[in-house]
Amino acid sequence: MEPNSVPDLDDARLVKRFVRGRDEGAFRALYRAHTPAMLAVAWRYVDGDRIDAEDVVQEAWIRATEKLPSFRWESALRTWLVGIAINCARNRARGKRATQSRDVDLADVVELPAAPAAADIATYDVERAVARLPEGYREVLILHDVFGYTHDEIARMLGVESGTSKSQLSRARSSVRRWLTEKGRIGHERRSE
Amino acid sequence: MSDDPNETLSDAEQKALRSLAGAPDPSPELEDRVVAELKRRGAIRANGGWIMKISKTAAAAVIMAGAFAGGFAMGSRGETATVPTEVATTTTPTSDANQYMLLMYMRVDPAQAAADAPAEDPMNEEAYRAIIDEYRQWALDREKEGRLVSAEKLADDTRVMTGRGDQMTIASTIDSDRALGGYFLITAPSLDDAIALAKTHPHLKYGGEVEVRPIETTN
């Protein structure tokens with residue numbers, strides 16, 4: 001169990017019902033509780049392609065229902081489900097990239113949004129900076145700084161040590177800042193701190 | 001204290017990064033698509049099996065609670081019953097008609113009951129209300145016809161006594177795959193008429209079972 005985490009009684013009850021009786025109602029309740037979090041992460045991995053993201057969610061639920069009977073509650077259910085979604089999304093994203101080019105820079109294949117209005121410039125620049133990160137760094141930064149997961153949760157999701165998550169986050173932040181500073185996007189703000 | 005300058009984010013950085021979290025809501029049809037695929041793979045029980053019976057039964061239980069909540073008792077509890085205005089103006093059942101008990105049963109899955117968890121029902125509240133109204137209307141119609149003697153919902157909390165003396169046991173569950181949820185006491189000229197009337201009760205439509213029992217007079 002993750003530090004300080006408390007088993008969600010609703011999740012436990014619903015999983016028990018689903019595993020015991022292949023209960024549609026219990027599954028739908030679990031689906032509705034956790035799919036938004038799974039889709040949000042999948043969305044990032046497949047570069048905002050809705051069809052791909054929802055396919056990832058479907059595949060993740062299929063895998064999850066196969067594994068639920070052996071789920072040991074060593075992490076929160078959502079952490080476990082998002083981890084499965086990440087694995088599915090990674091495979092899909094890699095397969096997609098492989099069909100385009102094996103050696104191309106990640107930032108070149110990420111479909112960036114069209115140039116936004118001036119008021120949205122920070123989000124647009126951060127999006128580009130994150131897209132340029134190596135995959136491992138990018139994953140940790142997105143999970144930690146974008147979605148707010150803890151290092152312990154990320155370690156569970158990605159199958160790495162918590163310390164690895166921390167060090168990758170530090171390098172990812174450094175890389176993002178360097179790129180944004182070079183582009184003149186955050187230089188003034190950070191100097192004023 | 002760490003001297004890693006990357007340990008903290010400025011407010012602006014935090015805000016910009018969090019803004020990337022935006023993703024659309026899942027498509028409404030995705031849920032049904034996932035469920036259909038899981039059914040195809042056998043991970044979820046298919047419709048038409050006992051799961052749906054439980055689902056409808058759960059609905060029926062709620063419906064019965066709602067239908068009876070207005071109070072249609074005119075017989076044994078007639079003096080204290082809360083009678084809707086439109087019911088109070090109707091006729092009293094004729095004394096020379098035969099009386100029949102319509103017993104409202106609900107199918108129960110023992111495994112579900114043992115799980116100590118009510119079945120989730122996919123129906124929304126609006127759908128429940130519509131069905132509750134259907135039950136109420138059936139009772140009001142019988143009342144207007146002068147055929148309704150009384151009707152009550154029975155609480156789920158039950159005690160079953162068996163044996164005698166020191167051998168008596170009291171159980172809080174019934175070893176059965178169906179549970180009695182309530183009753184309507186009606187009048188009808190004959191058993192066939194009572195059955196014909198029972199067939200029109202919405203309880204059947206929503207997965208419940210109705211048993212028709214003539215009241216046998218002993219005097």
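Which residues touch the most other members of the largest nonpolar core? Select Phe27(A), Trp61(A), Val130(A) and Tyr149(A): of the 63 residues in that core, these touch the most other members. A nonpolar core here is a set of buried Ala, Val, Leu, Ile, Met, Phe, Trp, Tyr and Cys residues joined through side-chain atoms within 4.5 Å. Buried means under 20% relative accessible area, exposed over 50%, and partly exposed in between (1.4 Å probe, protein chains only).

This is a predicted model, in which local features need pLDDT of at least 70 and side-chain atom pairs count only at pLDDT 80 or more, while totals for chains, interfaces and linings use all residues. Residues are numbered from 1 along each chain as its sequence is written, chains are lettered from A and ligands numbered from 1 in the order in which they are written, and side-chain values use heavy atoms, with hydrogens and water left out.

Next, select helix α2 (residues 24–45) of chain A, which gives the core its largest share, twelve residues. Helices (H or I, at least four residues) and strands (E, at least two) are DSSP runs, numbered from the N terminus. Domain 1 (1–104) and domain 2 (106–193) of chain A both supply residues to this core, so it lies between them. The domain bounds come from an automatic or database domain assignment.

Now centre on Trp61(A). Leaving aside neighbours within four places in sequence, Trp61(A) is in contact (heavy atoms within 4.5 Å) with residues including Phe27(A), Tyr31(A), Val34(B) and Leu38(B).

**Between the chains**

Show both chains. The contact takes 49 residues from chain A and 46 residues from chain B. About 4100 Å² is buried between them, and carbon and sulfur atoms give 54% of this. Buried area is the accessible area (1.4 Å probe) that two parts lose on being put together, summed over both. Select Arg22(A), Glu24(A) and Tyr31(A): they supply 15% of the area that chain A buries against chain B, more than any other three residues.

The rule finds five salt bridges across this interface; each is a side-chain nitrogen of Lys or Arg within 4 Å of a carboxyl oxygen of Asp or Glu. Select Lys39(B) and Glu24(A) to see their side chains meet in a salt bridge (2.8 Å, N to O). On the side of chain A that touches chain B, α2(A) gives the most, with 13 residues.

**Last stop**

Select Arg44(A), in helix α2 of chain A. Is Arg44(A) buried or exposed? Arg44(A) is buried, with a relative accessible area of 12%. Excluding neighbours within four places in sequence, Arg44(A) is in contact with Glu127(A), Arg138(A), Ile142(A), Phe147(A) and Leu20(B).
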